[in-house]
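Try each task before you read its solution.

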Amino acid sequence: MRNFHWLIAALAPLSPAVAETPIPGMDGSWSSLACEVRPQVGQDGAVTEWWLTRDITFKDGRIEAEFTTYAAAGCQGPLNTLAFGGQVDVIGDSAVLPGAKEADLTIDGYVRFIPRAQGFADFLNTTGPDDCGAEPWAVGAAQDVLSGGCSLVGIEAGVPTVEYEILAVEGDHLYFGARPVDGTFLTRPEDRPTALLVPLRRN
């Protein structure tokens, strides 16, 4: 079974953030231009590839997102949808990318898994009762694991996750920061990206 720990970043302690005015033009719904590829760290420690599509909505300083991951290149064979919601705190201008803003994303609303393949449901069912979801996992059935936690993917019960991001809006395109090439996460301020990902397109 593929290593699924990349589905959500390792938890980072909350840090105080001074929010600025929201980024002009960011509110609205955004989706991937095409199938995207990311690095991930496998069970043997080697960096491999995984594929996904993103659908993200910003409104009133909040983010709601769905990331669907796939088993093969070209986004073939859906495995799981990760849905999450949280707070967006815009900190200030990015020192490395003109026009971009530093932002802290605090995922404190919900974290839901929706298995899209039996293999992924079986993976989530390898934990003990109530350790990752209140009910047995089944294909197409969503469960929120934020309040109860999920040790299988490093989610501690009731503890929000923070990602240290950069965001930029240019016309009908929204950019997030590029992910580390070693498959790690943006869980410390010093991990904040210095380059941009392929953009999302406004719906």
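**Exercise 1.** Which residues does Gln-87 touch, not counting residues up to four places away in sequence?

*Solution.* Keep in mind that this is a predicted model. Start by finding Gln-87 in strand S5, which covers residues 76-93. Leaving out residues up to four places away in sequence, Gln-87 touches Gly-61, Arg-62, Asp-104, Leu-105, Thr-106 and Asp-108. Now look at two of these partners. With Arg-62, the side chain of Gln-87 forms a polar contact of 3.4 Å. Asp-104 lies 17 residues from Gln-87 along the chain, and their C-alpha atoms are 8.1 Å apart.

**Exercise 2.** Is Arg-38 buried or exposed?

*Solution.* First locate Arg-38 in strand S2, residues 36-41. Next, take its relative accessible area, 7%. Buried means under 20%, so Arg-38 is buried. Then check its surroundings: beyond neighbours within four places in sequence, Arg-38 is in contact with Thr-48, Glu-49, Trp-50, Leu-52, Arg-54, Arg-179 and Leu-197. Finally, its side chain makes a polar contact of 2.5 Å with the side chain of Glu-36. For Gln-87, the value is 26%, so that residue counts as partly exposed.

**Exercise 3.** How many helices and strands does the chain have?

*Solution.* Count the elements: there is one helix, along with ten strands. Then read them in order along the sequence, which gives β-β-β-β-β-β-α-β-β-β-β.

Terms used. Residues numbered from 1 in each chain as written. Predicted model: local features only at pLDDT ≥ 70, side-chain atom pairs only at ≥ 80, totals over all residues. Heavy atoms only, no water. Helix = DSSP H or I, 4+ residues; strand = E, 2+ residues; numbered from the N terminus. Buried < 20%, exposed > 50% of the residue type's maximum accessible area, 1.4 Å probe, protein only. Polar contact = N/O pair within 3.5 Å; in protein donor to acceptor, adjacent residues only side chain to side chain. Contact = heavy atoms within 4.5 Å.
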